[in-house]
Each structure stands twice: as C-alpha cells, then as structure tokens.
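Student: Please walk me through this structure as if I were new to reading models. I would like the general idea of each feature before the case at hand.

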Amino acid sequence: MLVISLFVSFIVVLPVIFLLYIKWKHKYWARKRVPFVKPTSFWGNTESPFKQTLGLQHIVKEAYLELKHRRVPHGGIYLFTKPAYMPIDTELIKSIIQDSEYFRSYGFSHNGKKDLPNTNLFAMNGDPWKNARAKLTSIFVRNRMKQLFDSVLECGGPLIHNIDSRVKKGRSLDVKEVMLSYAIDVIGSCALGLESNSSVDSGVKFKKYGDQLTNTNSSLNSFYSFIKLVAPSVGKLIYTRKAPMELEASLINIIKKILNDRKMKGISRNDFIQSFIELEQEARNNEQQKLTMDEVAAQAYVFFVDGFEAPTAAITFLLHELAHNIVIQDTLREEIRAYMKAYNDKLTYDGIMEMKYLDQVINETLRKYPPIPYFNRVCIKPYKVPNTDITINEGTHVLISSVGIQHDPEYYPDPEKFEPTRFSDEEKQTRPAVSFLPFGEGSGMCIGQQFSLLEIKTCISLLINNYRFSPSCSDSYNLEFEPTSLVLSSKKPIQLNAMKISEHITRMALKLTESERTEILVRQYSDRQRTFDDVRVLFDTVYPDR
Ligand code: HEM
C-alpha cells in the first residue's frame, strides 16, 4: 500500500516539479531585469518541435519587431528553456558582431567522432574553426570570382535548355525546382570541378546527388537541429547528416577521387578543388600543418551541400518579385541589354559587375527574403552591455534577427513593398550598416558571399535577357514560408510563366503593319490557354514601341 501511494505521489509530483522548473527557467530574463518576449507555452517562445506551423524564422522576426516597438535596446527570448539574447539597438548589434573577444560564431554541436563531414566551418568552434576559416577564406580570395565566371556562365546553357523545353510544352515553371538544378550544376562545377550537367562516377548523374540531398531535408533533421540549438550538450550525442550515409560516402569518395586524379595527372582547373590542392602544397613546402585529405574532402563536401540552397532561394524569390512587378522587370532588362551591347553583345563578368540596378534588385530580394533569416553568436566571457548595468553571462546564446532588422519600418518604410531603389547609394547612406545583414557580418560572415552574388547576377542576367516572367494562375503574391526549413523557402511552389523573348520577333514586329501584328497576337494567344498577364507580356513583345 505504501509503495503504491509512494508511486502515485511520485507520478503526480514529478510533473509538477518539472513544470515549476520550466517556469523558473522562463523567469531568467526577468531575474536579470532584461526586457523579454513573454513565453507563449511550455516550449518558451518556440513551437513544439513535433508540430511547427510558423517556424523559428517567424518567431525571431516577430520577437525583434515586438522589442523594437517597445523601444528597448535589447531583449530576451526562450528557445524552449534556453535563454537567448537579442540585440535591437544597432550600436549594440555592431559591438556584438565585432567583439570577437566576447562573442564567437556559434557552431552547431556535432558528434566529433562520427561526423566527418561535420568537421567543417558550420560545425567547428574555437581555434580549429579559426584555422580552417583562415585557410578557406584564402580559397575564395585565390579563386578570384572573375576566373569562375566562365564556369558559372556555362551552367546557364542547360538552364536555358531546361526552361525552353518546358515553355515549348506550354507548362508553367516550378521556379525552385528549375533553379535548384542550376545551382547544383554551378556548385558542382565550381566547388568540385565537375562539368555542368555531367555524368560522373560510373554513369550516375551528378545532379541526382543534389536532388537526393534536398529530399533528405526531413522533419527529423529539423527536429535534430532544434535539439542542437536548444540543448547543445545533448546535441553532441546526436549524429545528424545532411545526406543518407551511402550518399554522403559516395560524395566524399568522389571528392577524394577527383583530388587524387588531379594531383596524379597534374590537371589544373579554375575551381575550389584546385585551391585546396595549392593550399595543401603550400603548407607542405612551408612545413606547416597541412590539411588532411579528410579535412579537404569535408570542406569541399560542405561547399557542395550548403552551397546551393541559399542561392536557389534568393533566385526563386527574386523571380517571384519580378514576375509580379513588370515595371521593375522591364527596367532591369533594359539595363542588362545596355551592358551587353556595351560589351559586344555578350554577357561579361565586367558587365554584370557594373550593373547597378541589378545589384539593387538583388539586395532588395535579400532584404525582403533573407535566405538565412537569422544568425548566432555565443558569449565566451561575461559581457557588460554598454550603458546598462546588465551583464551577459558566458555561454549565453545571441540571436541576430536579420529578418527582423530588414523588416524594421524605421530603416525600410513599408517593409513588405519590393522597392529596389532603397539600395541606391544615397538611400543606403541614410541607414546604419547593420540594417542589412543577409550574409551575416564580422568574423563569422558568410564565406560564399561573393561567389553567391556572382552566381545570382549571372543567372538573373541570362534569364531576364531571354524571358519575360509572369505569375501563373496559381501563384499568389504574398507567400507563406515552410516552418521546418532552415533556409527560407515558400510553403507552396512558386509557379511562373516564362515567355521566350526573341530579339528577332521584336525587331520584326517593328516592321509589321498593325493588322499583321494583331494577327501574330491572335495566333499566339489561341495556341493555348493563357492568363491575362500572359497576354499582356505577349502584347508588350509584339508592340515594343507601345
Ligand atoms: C545567397 C546565398 C547565401 C546566403 C544568404 C548566405 C548566408 C550566410 C549567413 C547569414 C551565414 C552566417 C554568417 C555569420 O554568422 O555572421 C553564412 C555562413 C556561411 N556560409 Fe553562407 N550564405 C550563402 C551562400 C553560401 C555559399 C554558396 C557557400 C559556399 C560555397 C556558403 C558557405 C558558408 C559557410 C562555410 C559559412 C560558415 C562560415 C563560418 O562559420 O566561418 N554560403 N552564410
């Protein structure tokens, strides 16, 4: 009897103690007298990892906007029971980003013994991270972007072919799907030195690796990432992979094979693998600690697996906006064509780098839809918040809400409006530098920034020069985002219509009579079911001087 009553009281008391403990944990910021966003449930400010409807990007955005609205310089939120600090004041954001003495990049905890591919920048901490970062940064400097331009441009061939074949069949484009193929080709070509659209390793299509990788971005992985974020010590025990074991092993083997082949045959190519080889040789000559084959393979692997999702997201959202903003699309096309004309009717590296409006359109896309909506730092020694008597403790997690800052009406009035001129030289000067952080900032800043910009600029110039994009009937302007995806992604596929612009038709149309133009229009219209926007696009093509 006694045992039963002890057991019953244990069953009743234990959950109560647990709930009281959670409540106490959720008072952390109140005890520190730091303003905070009220936890909404047992899970703190986050949602249950078993049932996510909004996603962390939404929570981090709303937390920033709420704290900003309350005019406080900083605040706290709870990732389950883990307190996270969020700077709001731009000076404070700047010091946290710059003060590497107090804050360092937050590497996801990883299972050091088992996770070979996780021994990469995202996963490393401390000195190993610093060393690897210095080596890898030099790769991006070495591979001057100009040298990579031809490889990136080459990948445009299969992209145009892919879109053309869909357009011919009268199908709208699932933009993310199409852009993913392109981005996988680009990173495969530039990171691993594979020819675009190529077959490698016993006839297995390389692109399939990428397709499989995106399909493995499962909710289980998202659950694991949640655990690694809220409880790093438990996270260390979890072995997460971006890819199934066989796929990971195949990729690592391919990378090692490429490295060996190159070294043995003395092949040289303009890509990251080449830089890895040079770096290794240089280290050997200087008797420094060289990168091991496993380290090289791990870094090349991470460039590949992490190097295509964010650029795909950026290009997809950009095309979505251009399809809904025809005037912006036309202005951009004019600029692209003007620069092509100035460079012998060619798309050149210098040309795309000089295009100012293109730059503005890309920045506005990265502002409205930051592919990585927030980034992290961790406090490594007690930090007294300037002008307050508050100290951030060692180990505290710091969240920089790029998505919140980039939707702050103080810096970007009417933030949901897509307005590229916000990024004109004059407008930029009216805002603090940290009001735009799509690639992060400071010592942990994105290593692939220049490469991504090259890729996005080349792709958009090619596409806008060749097609007019308009929304399909199923595409709505306001997007909802996938809650479990770490990279910003639309919940519903973005479906656009693309119409090939033939310079030839346009030129011809100028010489046609009114009735001949109308005849072309009617003929093309009756081809297949078209939406009103399709007709408008067609009309603009046939009547360019309208
Ligand atoms: C539009 C495309 C991209 C966006 C918006 C983006 C954004 C970011 C952000 C916000 C961070 C965290 C920065 C910080 O903590 O301050 C980051 C880190 C990183 N990114 Fe990117 N990224 C993009 C493309 C790429 C590509 C193509 C690569 C590789 C080829 C890459 C490799 C990395 C690496 C290795 C890190 C970790 C750096 C470190 O911890 O030292 N990124 N990225």
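Tutor: Let's begin with the names of the elements. Helices are DSSP runs of H or I with at least four residues, strands are runs of E with at least two, and both are numbered from the N terminus. This is a predicted model, in which local features need pLDDT of at least 70 and side-chain atom pairs count only at pLDDT 80 or more, while totals for chains, interfaces and linings use all residues. Residues are numbered from 1 along each chain as its sequence is written.

Student: How many helices and strands are in the protein?

Tutor: The protein has 24 helices and twelve strands.

Student: What does "buried" stand for?

Tutor: It is a neighbour count. A residue is buried if 20 or more other C-beta atoms lie within 10 Å of its own, exposed if 12 or fewer, and partly exposed in between, with C-beta atoms placed from the backbone. In this protein of 546 residues, 40% are buried.

Student: Now a single helix, please. How far does H8 reach from its first C-alpha to its last?

Tutor: Compare its reach with an expected span, which is 1.5 Å times one less than the number of residues. H8 covers residues 175-192, so 18 residues, and its reach of 25 Å is close to the expected 26 Å. Of those 18 residues, 17 are buried, and H8 is mostly covered. Just after H8 comes Gly-193, with a positive phi of about 75°.

Student: And H14: which of its residues are buried?

Tutor: H14 spans residues 293-306, and its 14 residues reach 20 Å, close to the 20 Å expected. Ten of the 14 are buried. They form a run: Val-296, Ala-297, Ala-298, Gln-299, Ala-300, Tyr-301, Val-302, Phe-303, Phe-304 and Val-305.

Student: How do I describe two helices that pack together?

Tutor: Two packed helices are described by the angle between their axes and the distance between the axes. Axes are lines fitted to C-alpha atoms, for helices over the stretch in contact, and angles run from 0 to 180 degrees between N-to-C directions. Take H6 (residues 145-154) and H8: their axes come within 9 Å and cross at roughly 145°.

Student: What is the handedness of that crossing?

Tutor: A crossing is left-handed if the near helix is turned anticlockwise from the far one by less than a right angle, and right-handed if clockwise. H6 passes H8 in a right-handed crossing.

Student: Which residues of H6 and H8 meet?

Tutor: Contact is counted when two C-beta atoms, placed from the backbone, lie within 7 Å. Leu-148, Ser-151, Val-152 and Glu-154 of H6 meet Val-186, Ser-189 and Cys-190 of H8. By class, this contact has four nonpolar residues, two polar and one charged. Here Ala, Val, Leu, Ile, Met, Phe, Trp, Tyr, Cys and Pro count as nonpolar, Asp, Glu, Lys and Arg as charged, and the others, Gly among them, as polar.

Student: At what angle do H15 and H21 pack?

Tutor: At about 35°, with the axes 10 Å apart, and this crossing is right-handed. From H15, Ala-310, Pro-311, Ala-314, Ile-315 and Leu-318 meet Ser-452, Glu-455, Ile-456, Cys-459 and Ile-460 of H21. The classes here are eight nonpolar, one polar and one charged.

Student: How many residues surround the ligand?

Tutor: A residue is near a molecule if its C-beta atom, placed from the backbone, lies within 6 Å of it. The ligand is surrounded by 25 residues, the closest being Gly-307, Ala-310, Gly-440, Cys-446 and Gly-448. H14, H15 (309-324) and H21 (449-466) are the elements giving two or more residues to this shell. H15 supplies the largest share, three residues. The shell divides into 15 nonpolar, seven polar and three charged residues.

Student: Finally, the loops. Why is Asn-387 counted as exposed?

Tutor: Asn-387 is exposed because 10 other C-beta atoms lie within 10 Å. It sits in the loop between S8 (383-384) and S9 (391-392), and has a positive phi of about 65° although it is not a glycine. Asp-414, in the loop between H19 (402-405) and H20, has a positive phi of about 50° and is not a glycine either. With 9 other C-beta atoms within 10 Å, Asp-414 is exposed.
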